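Colleague: Could you take a close look at the salt bridge in this model, and then go on to what else the side chains and the helix show?

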Amino acid sequence: MQDNLHTMTLSMSPDENYYEKKDQLENEKLNQKVLALNEEERKQVYEKGLQLLELQSKPQDASCLPALKVSDIEPTIPHTDLELAYAGEPSAMKASVNDKGVYASVIL
């Protein structure tokens, strides 16, 4: 291996005003976009905002979401057979539960 005397030192330090600068840039962008809108476009944005507020205020229908009932849970834990192989000490373990179950292979 060759002796390489070239080195680089990188030093990083946080910007204490990062969040203020980020907020300022975001406000500037928003102001530019608002100023670029004509009166009709502003009215459309306002009306869409009112529609969104109305939709978000309504209670949501949770019946379409998947749900788990207590009756869906088996009352007992199914027994899993383990296969152990010994080579002086335990050297392997294999567990398998079928139908979307648990699969494990361990070599110690």
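Modeller: Asp15 forms a salt bridge with Lys21, their closest N and O atoms being 2.9 Å apart, where a salt bridge is a side-chain nitrogen of Lys or Arg within 4 Å of a carboxyl oxygen of Asp or Glu. A search of the whole structure finds 1 such bridge. This is a predicted model, in which local features need pLDDT of at least 70 and side-chain atom pairs count only at pLDDT 80 or more, while totals for chains, interfaces and linings use all residues. Residues are numbered from 1 along each chain as its sequence is written, and side-chain values use heavy atoms, with hydrogens and water left out.

Asp15 counts as partly exposed at 37% relative accessibility, and Lys21 is partly exposed at 44%; buried means under 20% relative accessible area, exposed over 50% and partly exposed in between, with a 1.4 Å probe and protein chains only.

The structure also holds 1 aromatic pair. The rings of Tyr18 and Tyr19 have their centres 5.1 Å apart and their planes at 75°, so the pair is edge-to-face; rings of Phe, Tyr and Trp (its six-membered ring) pair if their centres lie within 6.5 Å, and planes under 30 degrees apart count as stacked, over 60 as edge-to-face and the rest as tilted. Tyr18 is partly exposed, at 44% relative accessibility, whereas Tyr19 is exposed, at 60%.

Leu53 is found in helix H2, residues 39-57, helices being DSSP runs of H or I with at least four residues, numbered from the N terminus.

Conventions. Helix = DSSP H or I, 4+ residues; strand = E, 2+ residues; numbered from the N terminus.
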